[in-house]
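Hi,

Here is the structure I promised to pass on. Have a look at it first, and my notes on what I found follow below.

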Amino acid sequence: MANLTTLGQFIIERQADFPYAKGELSRLLRDIGIAAKVVNREINKAGLADILGEVGTTNVQGETQKVLDVYANEQFIAALSAGGECALVVSEENEEIVILNKDVSKNAKYAVAIDPLDGSSNIDVNVAVGTTFSIFRRLSKEGEANINDILQKGTEQVAAGYIVYGSSTMLVYTTGCGVNGFTLDPSIGEFCLSHPDMKIPRTGHIYSVNEGNYVHFPEGVKKYIKYCQVEDESTNRPYTSRYIGSMVADLHRNLIKGGVYIYPTTAAAPKGKLRLVYECNPLAFIIEQAGGRATNGYQRILEIDVKEIHQRESIFIGSTDMVLKAEEFMAEYSPLE
Ligand code: P6P
């Protein structure tokens with residue numbers, strides 16, 4: 001137990017990272033950690049507790065809602081509401097913004113965007129899933145929070161992170177002063193610092209993309225995929241293809257080993273599939289803080305104008321040199337009109 005640093009201890013020790021906050025952001029991050037432990041418990045027994053399968057509803061994305069999607073959403077919103085530091089939540093599972101209980105949150109400083117359970121179609125087949133979260137200081141000073149509190153560019157995030165429910169459950173977050181990873185120790189029910197100051201390798205040999213959509217990809221993506229597959233010892237190619245249909249898990253592996261994840265435009269997703277506010281922006285903040293790069297093939301993700309809460313965006317994210325190489329192919333073969 002000697003050198004164990006829990007998430008709570010770490011947040012307090014790093015309080016100086018965000019001097020403007022008097023502990024509210026610390027409490028908000030701890031609230032998210034609490035919800036993550038509750039969701040983790042349910043995910044780990046999903047096969048037993050009859051919480052697999054679908055609830056027969058669809059979310060705003062038209063995606064079938066899994067029992068655990070809905071459960072996770074309820075847990076995160078409940079924890080944020082009870083904590084009193086968050087005034088407003090945007091969630092993949094809710095069409096509209098959720099104004100949290102006004103009596104408690106009227107003085108709350110923050111707004112949170114969340115994908116409570118990304119990759120949930122993998123739950124029934126026991127593949128890793130994830131949660132992503134993005135935290136902004138609210139712009140509305142008094143009274144009720146409103147949508148403008150969350151329609152802010154990714155550069156305005158004060159904190160962001162993800163939880164990956166895999167072979168172990170990890171919470172990885174940044175407040176703009178580097179990236180730190182915490183592994184849940186179920187025996188004590190605490191997230192413990194396991195990956196201090198995470199840095200993504202500048203290059204790697206893993207590319208993550210759904211090649212089943214190849215025929216619908218922009219020409220630049222097709223050319224980049226072929227580049228990844230060419231034999232060239234000097235650049236450690238051919239690369240390895242790793243894509244498990246759960247972005248948080250793919251991104252986490254690439255963060256540790258080096259690699260690039262690409263979800264470009266496709267016929268089915270002409271603006272890309274992933275959502276800017278609660279998927280692309282938080283993961284872009286993390287990857288940039290870890291020394292990587294995140295764009296839509298042309299523009300830095302964090303600088304993209306946010307016009308609506310469920311806005312979709314293409315994403316090229318991971319090791320800087322790999323994202324830059326993909327952007328070279330996009331510039332040459334799929335230039336912006
Ligand atoms: P496809 C999960 O639904 C998700 O949002 C990401 O986690 C994942 O990488 C991607 O979509 C999978 O989408 O179209 O390749 O099945």
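Let me start with helix H8 (residues 320–333), which has 14 residues and reaches 20 Å from its first C-alpha to its last. That is close to the 20 Å expected at 1.5 Å a residue, where the expected span is 1.5 Å times one less than the number of residues. Helices (H or I, at least four residues) and strands (E, at least two) are DSSP runs, numbered from the N terminus.

Some ground rules before going on. This is a predicted model, in which local features need pLDDT of at least 70 and side-chain atom pairs count only at pLDDT 80 or more, while totals for chains, interfaces and linings use all residues. Residues are numbered from 1 along each chain as its sequence is written, and side-chain values use heavy atoms, with hydrogens and water left out.

Back to H8: Thr320, Met322, Val323, Ala326, Glu327, Phe329 and Met330 are buried there (buried is under 20% relative accessible area, exposed over 50%, partly exposed in between, with a 1.4 Å probe and protein chains only). Those buried residues pack against strand S11 (206–208), helix H5 (219–229), strand S13 (260–263), strand S14 (293–295) and strand S15 (315–318); contact here means heavy atoms within 4.5 Å.

The axes of H5 and H8 come within 7 Å and cross at roughly 135°. Axes are lines fitted to C-alpha atoms, for helices over the stretch in contact, and angles run from 0 to 180 degrees between N-to-C directions. H5 and H8 are therefore oblique to each other (under 35 degrees counts as roughly parallel, over 145 as roughly antiparallel, 65 to 115 as roughly perpendicular, and the rest as oblique). H5 passes H8 in a right-handed crossing, a crossing being left-handed if the near helix is turned anticlockwise from the far one by less than a right angle, and right-handed if clockwise. On the H5 side the contact is made by Glu219, Gly220, Val221, Lys223, Tyr224 and Tyr227, and on the H8 side by Met322, Lys325, Ala326, Phe329, Met330 and Tyr333.

Now the sheets. S13 and S15 run antiparallel, joined by four bridges, and Tyr261 stands opposite Ile317 in S15.

The other open sheet has eight strands in the order S4-S3-S5-S6-S7-S8-S9-S10, again with mixed pairing. Strands S4 (98–99) and S10 (190–195) are the edges, each pairing on one side only. At the S10 end, strand S9 (residues 179–185) pairs with S10 in the antiparallel sense over five bridges, and Asp185 stands opposite Glu190 in S10. Helix H3 (residues 67–83) packs on this sheet, touching S3 (86–91), S4, S5 (110–118), S6 (129–137) and S7 (159–165), and its direction makes about 160° with that of S5. Helix H7 (residues 276–289) packs on the sheet as well, touching S3, S5, S6, S7, S8 (169–174) and S9, at about 100° to the direction of S7.

How many residues of S5 are buried? Nine of its nine residues are, and the strand is mostly covered. S5 is joined to S3 by five bridges in parallel, and to S6 by seven bridges in the antiparallel sense. Ala113 of S5 has Val90 opposite and also Ser134 in S6.

H6 and H7 have axes that come within 12 Å and cross at roughly 5°, so they are roughly parallel. That contact is made by Met247, Leu251 and Leu255 of H6 and Leu283, Ile286 and Ile287 of H7.

Last, a residue in H6 (residues 247–257), namely His252. Buried or exposed? His252 is buried, with a relative accessible area of 11%. It touches Tyr162, Val164, Met170, Val172 and Met198, not counting residues up to four places away in sequence.

Cheers

Key
Pairing = 2+ DSSP bridges.
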